[in-house]
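Below is a short briefing on one protein structure. The notes are grouped by topic and can be read alongside the model.

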Amino acid sequence: MDAVRLRRVNRWLAQGLSGELADLYVDSRETSGPEAYRSSSRQDFLNRLTGDIRRPGFAMVIAETDQLVGCAFGFPVSSDGYWWLGFDGALPQSIEQLTASGGVFAITSILVQPHEQDQDVARRVQERLLSGHQASLGATLVDQNDHSTLASLRSWGWLSVGEVWRPAGPTMFRALVLPLGERTTARLEGLAHDAWTRWPG
């Protein structure tokens with residue numbers, strides 16, 4: 001892969017790139033053929049992207065060579081805790097406090113063109129996206145059957161904090177957080193101890 005450049009884009013540029021981003025979404029799932037282009041999953045992605053772009057504080061980082069090869073995007077979690085809706089059980093108090101103080105940034109998507117360096121690109125766009133915010137904690141939801149993504153996030157320091165059911169569908173998500181900075185890491189010390197012991201993968 002040629003040298004990959006990372007670039008922040010605002011919501012208007014992100015909107016203009018929506019077609020390319022949807023293509024990247026399809027490619028990143030290694031689907032092919034004309035059916036993939038028209039599939040509901042492509043349209044679902046575009047609908048989610050449009051919804052995210054409208055959220056206050058939306059941010060995106062793209063990775064490019066002579067073409068788009070990756071991106072990560074998300075938004076600050078509102079202090080009302082709506083992001084955690086459907087969390088199974090009690091949300092850990094340290095995460096509740098960080099959410100209430102506006103210190104959590106949710107990454108809603110990381111997409112990368114399949115390639116031998118794709119894990120490195122994915123990690124870099126995620127880091128660049130989070131570094132541009134005053135957040136103390138990164139948060140994301142991953143389909144609990146997506147073992148390769150969960151394994152990658154775990155290797156980058158993300159912690160599993162529980163499960164989330166979303167009313168939009170039957171999927172159960174694994175809720176993950178990434179402490180940013182030493183103080184947050186210390187606050188989440190107890191979570192790290194058994195974060196990955198209760199489930200396979």
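What percentage of the 201 residues of the protein chain count as buried? In this predicted model, the share is 44%. The chain is built from nine helices and seven strands. Among contacts with a separation of 6 or more, 68% are between residues 24 or more positions apart.

**Nonpolar core**
- The largest nonpolar core has 23 residues, and the ones touching the most other members are Ala63, Phe105, Leu129 and Trp158.
- At least two residues each come from strands E2 (59-64), E3 (68-76), E4 (104-112) and E7 (172-179), and from helices H6 (118-131) and H7 (147-155).
- Helix H6 gives the most, with five residues.

**Aromatic pairs**
- Six aromatic pairs are found in the structure.
- One of them joins Phe58 and Phe73 in a tilted arrangement, with 6.0 Å centre to centre and 45° between the planes.
- Phe58 sits in the loop between helix H4 (40-53) and E2, and Phe73 in strand E3, so this pair ties together parts 15 residues apart in sequence.
- Phe58 and Phe73 are both buried.
- Through ring pairs, Tyr25, Phe45, Phe58 and Phe73 are linked into a cluster.

**Strands E6 and E7**
- Strand E6 (residues 159-165) has five of its seven residues buried, so it is largely enclosed by the rest of the structure.
- E6 and E7 run antiparallel and are joined by six bridges.
- Ser160 has Leu176 in E7 as its bridge partner.

**Salt bridges**
- The whole structure contains six salt bridges.
- One of these is between the side chains of Arg7 and Glu64, at 2.7 Å from N to O.
- Arg7 belongs to strand E1 (residues 5-9) and Glu64 to strand E2, so the pair ties together parts 57 residues apart in sequence.
- Arg7 is partly exposed at 37% relative accessible area, whereas Glu64 counts as buried at 15%.
- Within helix H6, Arg123 forms a salt bridge with Asp120, with the closest N and O atoms 2.5 Å apart.
- Arg123 also meets Glu127 in a salt bridge of 3.3 Å, N to O.
- Asp120 is three residues from Arg123 in H6, a separation of about one helical turn; Glu127 is four residues from Arg123, again about one helical turn.
- The relative accessible areas are 31% for Asp120, 26% for Arg123 and 40% for Glu127.

Note on methods
Residues are numbered from 1 along each chain as its sequence is written. This is a predicted model: local features need pLDDT of at least 70, side-chain atom pairs count only at pLDDT 80 or more; totals for chains, interfaces and linings use all residues. Side-chain values use heavy atoms; hydrogens and water are left out. Buried means under 20% relative accessible area, exposed over 50%, partly exposed in between (1.4 Å probe, protein chains only). Contact means heavy atoms within 4.5 Å. A nonpolar core is a set of buried Ala, Val, Leu, Ile, Met, Phe, Trp, Tyr and Cys residues joined through side-chain atoms within 4.5 Å. Rings of Phe, Tyr and Trp (its six-membered ring) pair if their centres lie within 6.5 Å; planes under 30 degrees apart count as stacked, over 60 as edge-to-face and the rest as tilted. Two strands pair if DSSP finds at least two bridges between them. A salt bridge is a side-chain nitrogen of Lys or Arg within 4 Å of a carboxyl oxygen of Asp or Glu.
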